[in-house]
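Here are my notes for your first look at this model. Keep the viewer open and check each point as you read.

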Amino acid sequence: MSVDVRPATDEDVDAVVDLFRQYLWFYEQDVPDAEARAYLTARRDAGDSVLLVAEVAVEGADPAEDARIVGFAQSYPTWSSVSLSRSWVLNDLFVSPAARGTGAARALVQETARLAKESGAIRVSLATAWDNVAAQGLYESEGFVRDQHFHHYAYVTGA
């Protein structure tokens with residue numbers, strides 16, 4: 001199998017919405033298709049996020065006919081005041097359970113890092129669950145370093 005990572009197109013929306021909803025279920029959030037679709041397309045179309053898809057194709061098969069979207073990554077370009085530079089947040093990464101082990105997650109992480117660097121960003125940051133050991137291993141193997149200097153906090157506004 002080969003993995004191809006590329007920006008999501010309008011034709012990819014149905015597949016990405018399905019994967020996005022699975023990702024949200026992992027975090028115990030149940031969002032209707034219409035809301036997930038509206039959120040993803042609004043972020044992408046406004047330029048708020050970079051939405052990538054991973055396609056897996058069987059070697060030797062016609063990619064146009066046999067490739068299928070198995071994962072996505074969504075990053076938010078932002079700024080770092082402390083470094084006076086662009087920074088990216090890799091906020092969402094998901095690969096369907098059936099496609100895990102294909103290299104799709106690694107390819108999504110690598111392409112995110114490449115695009116961030118190409119945009120002039122000095123870093124890509126992310127957060128993952130304490131018990132998501134598989135993801136932690138992937139990120140660390142790709143050069144991500146666990147933050148030893150800062151505690152990260154969140155304030156829930158209830159909005």
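1. Helix α1 holds 14 residues. From first C-alpha to last, α1 reaches 20 Å, close to the 20 Å expected at 1.5 Å a residue. That expected span is 1.5 Å times one less than the number of residues in the helix. Helices (H or I, at least four residues) and strands (E, at least two) are DSSP runs, numbered from the N terminus. Just after α1, Glu28 takes a positive phi of about 60°.

2. A word on the source. This is a predicted model, in which local features need pLDDT of at least 70, side-chain atom pairs count only at pLDDT 80 or more, and totals for chains, interfaces and linings use all residues. Residues are numbered from 1 along each chain as its sequence is written, and side-chain values use heavy atoms, with hydrogens and water left out.

3. Which residues of α1 are buried? They are Val13, Val16, Val17, Leu19, Phe20, Arg21, Tyr23 and Leu24. Buried means under 20% relative accessible area, exposed means over 50%, and partly exposed lies in between (1.4 Å probe, protein chains only). The buried residues of α1 pack against α2, β2, β3 and β4. Contact here means heavy atoms within 4.5 Å.

4. Now the cavity. The count comes to one cavity of 30 Å³ or more. A cavity is a set of points, on a 1 Å grid over the protein atoms alone, where a 1.4 Å probe fits but cannot get out; lining residues have an atom within 4 Å of a point. Grid points are joined across faces, edges and corners, and a volume is the space filled by probe spheres set on the points.

5. Helices α1 and α2 are the elements that give two or more residues. α2 gives the most, with three. By class, the lining has five nonpolar, two polar and two charged residues. Ala, Val, Leu, Ile, Met, Phe, Trp, Tyr, Cys and Pro count as nonpolar, Asp, Glu, Lys and Arg as charged, and the others, Gly among them, as polar.

6. Arg44 also takes part in a salt bridge, with Asp10 as its partner. A salt bridge is a side-chain nitrogen of Lys or Arg within 4 Å of a carboxyl oxygen of Asp or Glu. For Asp10 and Arg44, the closest N and O atoms are 2.4 Å apart. The pair links distant parts of the chain, 34 residues apart: Asp10 sits in the loop between β1 (2-7) and α1 (13-26), and Arg44 in α2 (residues 33-46). Asp10 counts as exposed because its relative accessibility is 56%. Arg44, at 18%, counts as buried.

7. By this rule there are 12 salt bridges. Another joins Arg106 and Glu142, with the closest N and O atoms 2.5 Å apart. Arg106 lies in α4 (residues 104-118) and Glu142 in the segment after α5 (133-141), so the pair ties together parts 36 residues apart in sequence. Arg106 is partly exposed, at 33%. Glu142 is partly exposed too, at 27%.

8. Look along α4 next. It has 15 residues and reaches 21 Å from its first C-alpha to its last, close to the 21 Å expected. Its buried residues are Ala104, Ala107, Leu108, Val109, Glu111, Thr112, Leu115 and Ala116. Among the elements covering them are β1, β2 (50-57), β3, β4, β5 and α5. Just after α4, Gly120 takes a positive phi of about 95°.

9. Finally, the largest pocket. A pocket is an open set of grid points with protein on both sides within 12 Å along at least five of seven lines. This one has a volume of about 1,900 Å³. It is lined by 48 residues, and Ser125, Leu126, Ala127, Thr128 and Tyr139 lie nearest its centre. Which element gives the most to the lining? That is β4, with eight residues. The lining divides into 25 nonpolar, 16 polar and seven charged residues.
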